[in-house]
Amino acid sequence: MPSRTATLSTAVRTDGVDPITEGTGGWADPLDQAFNRQVAGLVRLGYPALAGMSPAEFEALCEPLRAVAHTAGPAPFRPATRSWMPFVLVVSGELVRAEEIVPLLTLAGRPDTGTVDRNHGEDGLAPYRPLPELNVPHTGVYLLTDVERGEEFRGIRPADALPPILERGRSPLTIHEGIAVVTHFPEALEKNNCFMLSGSRRGDRRVPAMWISGRAPKLGWCWEGNPHTWLGTASAAARHTAP
């Protein structure tokens with residue numbers, strides 16, 4: 001009997017099959033199917049090559065997180081909606097640069113590819129770092145669980161949205177985590193429902209954000225004191241690494 005990793009590898013590279021929608025690897029459990037779709041989507045987009053790995057090596061790196069999704073994710077398992085995801089597989093800056101993967105983003109049903117706003121400055125995204133109190137894992141891949149795009153915080157200044165998120169025991173998303181959300185769930189980014197990524201900061205008042213520009217995703221920024229009716233603040237319940 002083939003291993004689960006081998007089954008997933010076959011699903012990723014089946015001719016004529018869209019791995020995002022059909023890369024279930026023959027597994028009956030809906031959670032396993034959802035996990036396979038995320039891994040298969042990353043392989044299809046070329047993440048292994050960007051990380052200096054073969055597809056099989058990349059799949060093997062992700063595979064231990066399957067068990068984490070089963071034990072740490074919300075129970076019972078529910079499929080994602082436009083505003084909520086049970087889990088999101090994140091490929092961190094340890095493996096890929098944000099500037100390399102933003103151009104792989106698209107909106108649901110559109111071919112136009114993502115861009116990084118030029119107004120980040122000469123250094124681009126390099127100055128941004130996760131807030132230290134978030135304890136973002138220093139690992140190549142990890143899981144976010146119970147992810148919300150945070151539309152309840154539309155029209156609220158990012159500086160004012162952060163305290164209630166933290167009081168709930170939740171964590172604002174970083175740049176790489178926001179990219180992961182849109183990568184796996186492009187329908188989460190839609191008109192009048194975009195989101196701040198308050199978990200990444202650069203030592204000033206700028207807060208990165210993911211929005212729509214020119215019918216494609218754009219990674220820009222806003223001032224922490226400025227409210228926007230179309231920008232919420234995305235968050236997750238927890239981050240999990242493989243055992």
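Q: Which residues in helix 3 meet which residues in helix 6?
A: Keep in mind that this is a predicted model. On the helix 3 side you'll find Leu31, Asp32, Phe35 and Asn36, and they meet Leu65, Arg66, Ala69 and His70 of helix 6.

Q: At what angle do helix 3 and helix 6 pack, and how far apart are their axes?
A: Two packed helices are described by the angle between their axes and the distance between the axes. Here, helix 3 (residues 30-45) packs on helix 6 (residues 65-72) at about 135 degrees, and the axes are 10 Å apart. That makes the pair oblique. As for handedness, helix 3 makes a right-handed crossing with helix 6.

Q: Now the sheet: what is the order of its five strands?
A: Strands of a sheet pair through backbone hydrogen bonds, either parallel or antiparallel. This sheet is open, its pairing is mixed, and the order reads 2-9-8-6-10. Strand 2 (115-116) and strand 10 (231-233) are the edges; each has a single partner strand, so one side of each lacks a neighbour in the sheet.

Q: How many bridges join strand 6 to strand 10?
A: Three, and the two strands run parallel.

Q: Which strands does helix 9 touch?
A: Helix 9 (residues 175-184) packs on the sheet and touches strand 6, strand 8 (206-213) and strand 9 (216-223). Its direction makes about 20 degrees with that of strand 8.

Q: And which residues touch the most other members of the largest nonpolar core?
A: In soluble globular proteins, nonpolar side chains tend to be buried together. In this core of 59 residues, the answer is Val88 and Ile179. Leaving out residues up to four places away in sequence, isoleucine 179 touches Tyr47, Ala98, Ile101, Val102, Leu105 and Met210.

Notes. Residues numbered from 1 in each chain as written. Predicted model: local features only at pLDDT ≥ 70, side-chain atom pairs only at ≥ 80, totals over all residues. Heavy atoms only, no water. Core = buried A, V, L, I, M, F, W, Y, C linked by side-chain atoms within 4.5 Å. Buried < 20%, exposed > 50% of the residue type's maximum accessible area, 1.4 Å probe, protein only. Contact = heavy atoms within 4.5 Å. Pairing = 2+ DSSP bridges. Helix = DSSP H or I, 4+ residues; strand = E, 2+ residues; numbered from the N terminus. Axes fitted to C-alpha atoms, helices over the stretch in contact; angles between N-to-C directions. Parallel < 35°, antiparallel > 145°, perpendicular 65-115°, else oblique. Left-handed = near helix turned anticlockwise from the far one by under 90°.
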